[in-house]
Amino acid sequence: MHARVCIIGAGSSGITAAQVMHARGIPFDCFEIGSEVGGNWRYDNDNRMSSAYRSLHINTSRQLMEYRAYPMPDDLPDYPSHWQIAAYFDAFVDHFGLRDKITFRTEVVKVVPVPAAEGGGYDVTLRSRDQAGTPSEPEVRRYENVVVANGHHWDPRWPEPSFPGAETFPGDQLHAHYYKTPEIFAGKRVLVLGIGNSACDIAVESSRTADETFLAMRRGAHIVPKFVFGVPTDHLTDSALARGPLKVQQLAMAALLRVAQGRVTDYGLPKPDHAVLHAHPTVSDDLLTRLGHGDITVKPNIDRFEGSKVFFEDGTAAEVDTVVYCTGYKVTFPFFDDTVVTAADNHVDLYRRVVDPEHPGLYFVGLIQPLGAIMPLAEAQAEWVGDLVAGEGALPSYDEMRAQIARYDEQLRRRYVASKRHTIQVDFHKYRAEIERERAASRARVSGTAPARGLVARAAARLAARRG
């Protein structure tokens with residue numbers, strides 16, 4: 001074994017996994033294909049995987065996005081830009097002395113499980129590049145554990161199947177992944193497809209530059225403002241209420257949105273076909289204003305292309321020069337053979353969204369889509385993985401893990417609208433509590449003391465002390 005742990009990626013999930021391993025004294029190697037940390041939040045990242053556009057800001061407030069181990073500076077705004085987030089990641093890495101422990105410009109080409117009869121673990125094939133981009137000869141290292149933190153917003157998913165006539169459309173077609181600045185829209189008639197966060201941001205920017213902007217969507221969405229009553233919206237929703245029953249959360253959020261901005265149909269958007277919190281929220285302070293100004297025209301989904309004309313499902317049509325597809329991303333692991341890990345329709349079978357029951361020592365950090373910020377959850381996942389790697393925690397049986405995965409999939413089907421976007425969805429508070437409970441249970445499996453028995457024992461001790 002070269003080291004006990006191989007960490008793939010130095011984005012927001014990879015660096016917190018590195019920090020946890022380093023703090024515990026667990027030997028690890030962290031490999032990053034680019035030359036800097038930050039992953040998706042590094043604008044124009046030379047790893048060519050960042051989807052950040054120039055105007056991008058976070059859509060959860062910094063207080064909810066920061067790592068517990070390293071809070072964000074108080075002088076940052078409520079919603080920092082990607083430059084400020086990247087600087088925060090740099091400061092995190094330097095504060096914990098991790099930079100020299102990350103191998104940059106090194107791609108993980110292949111990860112292959114080693115049979116137990118041959119010692120177990122994973123053979124990891126690496127290929128480095130020098131500053132001129134010249135690749136080295138592939139190198140194979142063996143690791144006891146592999147932590148996958150390669151992100152899930154870098155492999156663009158195009159409409160499947162493509163719309164009839166799209167292949168002969170004479171204008172420009174691009175995915176949101178490749179969008180950077182609005183100058184490309186100057187003098188153009190632009191169609192943005194989607195109603196997620198990127199779609200709203202790009203449509204708003206287009207409406208300030210293009211001659212005409214259309215926003216088409218398959219279904220309606222609930223639009224959440226960044227600020228309500230002068231404070232970040234998630235400061236109001238991040239409370240005991242957010243930990244309560246789903247119905248109570250939905251009633252409270254629906255009331256808040258109604259008071260703050262009225263109905264989305266008042267602005268020309270279609271009525272959502274789902275209740276609030278039954279889909280990933282769309283956060284925008286600008287979209288409704290631009291709609292109210294008439295700067296964006298709302299359309300239903302695309303039906304077909306005929307030359308430069310786009311026909312929509314309601315029978316209307318528009319002449320268009322540029323189409324931007326904000327149709328999400330594929331969960332992709334280019335270093336795994338399909339016989340090892342698959343992500344068909346963005347679905348991966350993982351216990352508690354972290355552990356692969358089929359492959360001992362294989363963990364995934366950050367492969368979640370939270371209603372809230374991802375970084376504190378990735379940090380909690382990494383702490384649990386640290387327990388497991390250090391032997392301070394143990395997993396339940398294979399059958400128990402499989403049963404939990406089935407329950408999770410069933411809960412997703414009941415909760416969220418059918419979409420490839422919602423295959424890895426979690427609620428922030430509920431999921432963090434779930435990971436904390438699992439950490440306690442995994443430690444109890446090692447000590448042989450069930451958490452419930454420990455609680456009973458402590459309660460009995462407190463009662464005896466009071467009586468004494």
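## Surface and model basis

The protein chain has an accessible surface of about 21100 Å², and 51% of that area belongs to carbon and sulfur atoms (Shrake-Rupley method with a 1.4 Å probe). This is a predicted model, in which local features need pLDDT of at least 70 and side-chain atom pairs count only at pLDDT 80 or more, while totals for chains, interfaces and linings use all residues. Residues are numbered from 1 along each chain as its sequence is written, and side-chain values use heavy atoms, with hydrogens and water left out.

## Overall fold

Eleven helices and 21 strands make up the secondary structure of the protein chain (DSSP runs, numbered from the N terminus: helices are H or I of at least four residues, strands are E of at least two). For 468 residues the globule rule gives 23 Å, and the radius of gyration is close to this at 24 Å, so the protein chain is as compact as a globular protein of that length (the radius is taken over C-alpha atoms; the rule is 2.2 Å times the number of residues to the power 0.38).

Of the 468 residues, 52% count as buried (under 20% relative accessible area, 1.4 Å probe, protein chains only). Among contacts between residues at least 6 apart in sequence, 65% join residues at least 24 apart (contact means heavy atoms within 4.5 Å).

## Thr 60

Thr 60 lies in the loop between β2 (28-31) and α2 (62-65). Its relative accessibility is 14%, so Thr 60 counts as buried. Beyond its neighbours within four places in sequence, Thr 60 is in contact with Met 65, Asp 78, Tyr 79, Asp 234, Gly 372 and Ala 373.

Terms used: Buried means under 20% relative accessible area, exposed over 50%, partly exposed in between (1.4 Å probe, protein chains only).
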